[in-house]
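Biologist: I'd like to go through the charged pairs with you, one at a time. Could you put the model up first?
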Amino acid sequence: MSAISQLPPFLRKMLTSPPRAGEGVHNWLFRIARHLHAHLNAFDMIDLLESCVRGCGRPVSRKEIQDAVQDSIACAWRPNGNAGPAPSAAPTWPSVNQEKRSAITRGYGGLADLWEESKPRVEDSEGHTEMIIDQLFPGNPLLCCGKSNSVFNTKPRNEWRGKLSMLALIVPSPMSAITGMTQDGKQSEHALSNTGARRFLVCEFDSGTEDEQAALLRHLGESVPLVCVAHSGGKSLHGWFFVADVPEDEVRCFFNYAVSLGADRRLWTRSQFTRMPDGLRDNGRRQTVFFCNFTALEVAR
């Protein structure tokens, strides 16, 4: 533990009071590894973290710690106060780590396991869109919803009431204004400039079986609260992760990791449409919701 004494006070405090099992050990390893890169080499980091989580209440393998150290490199804290990689208009993303993806899909169950964990479970064919959207977006925020990428509107949530189950798309964060300016200088109700602060980050996996995609979402849910999983009506699952008030660099780190497992990088853009939970796709198929857990949203209210 002598290495701890050479670290900044906030890191010393974090390292001497790690979480217990069930309180986010996996996420804690990743978050603290981001900061340790500026002070220790990888081998010392692994040894230090291994000693800190020993006795946390569950077995923590050395490989889990090694993965946290490796995965945090891309967004490690830098001495100038920023997190890497440096922001740019066209962010770069990692390639898919097939070995890690395969290990996760083998070890995290499948779609049935995801459905079993849902609270509440959607067990009938009735429409649940309104209930779900009320949970995801309490109050009366501006929402941008549409039938397609070219047919959409931004309205207060209450003006959408009773209509959402027939729509296919929604921006997963509230809008800040009815209209904004697009990058080509046109006024629009769907632009990055009138999209508000990020509330949800959606991860979509459109490769692999539904069971494999569900396993990946369950794994990611160990780090950030997974509150909803909807089927695209095609071949993919869309997982909604609650990230309101989380620093953007931490959200970027999380999404960087998701992309390394095969998540669609286009959904990083705050204004990007995602599938309306329990909405209706243009092919007539219902975008069925397989998982809900609104606990994190209730705590945040």
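Biologist: Is Arg58 buried, partly exposed or exposed?
Modeller: Bearing in mind that this is a predicted model, Arg58 counts as partly exposed, because its relative accessibility is 29%.
Biologist: And which side chain does Arg58 meet in a salt bridge?
Modeller: That is Glu64, with an N to O distance of 2.9 Å; Glu64, at 15% relative accessibility, counts as buried, since the cut-off for buried is under 20%.
Biologist: How many salt bridges are there in the whole structure?
Modeller: A search of the whole structure gives 14, and one of them pairs Arg34 with Asp249, whose closest N and O atoms are 2.9 Å apart.
Biologist: Switching to His35, where is it, and what does it touch?
Modeller: His35 belongs to helix α2, which covers residues 25-36, and, leaving aside residues up to four places away in sequence, His35 touches Phe10, Leu11 and Trp77. At 18% relative accessibility, His35 counts as buried.
Biologist: Back to salt bridges: what is the partner of Asp67?
Modeller: Asp67 pairs with Lys100, their closest N and O atoms being 3.6 Å apart, so helix α4 (residues 62-71) is tied to helix α5 (residues 98-107).

Technical notes. Residues are numbered from 1 along each chain as its sequence is written. This is a predicted model: local features need pLDDT of at least 70, side-chain atom pairs count only at pLDDT 80 or more; totals for chains, interfaces and linings use all residues. Side-chain values use heavy atoms; hydrogens and water are left out. Helices (H or I, at least four residues) and strands (E, at least two) are DSSP runs, numbered from the N terminus. Buried means under 20% relative accessible area, exposed over 50%, partly exposed in between (1.4 Å probe, protein chains only). Contact means heavy atoms within 4.5 Å. A salt bridge is a side-chain nitrogen of Lys or Arg within 4 Å of a carboxyl oxygen of Asp or Glu.
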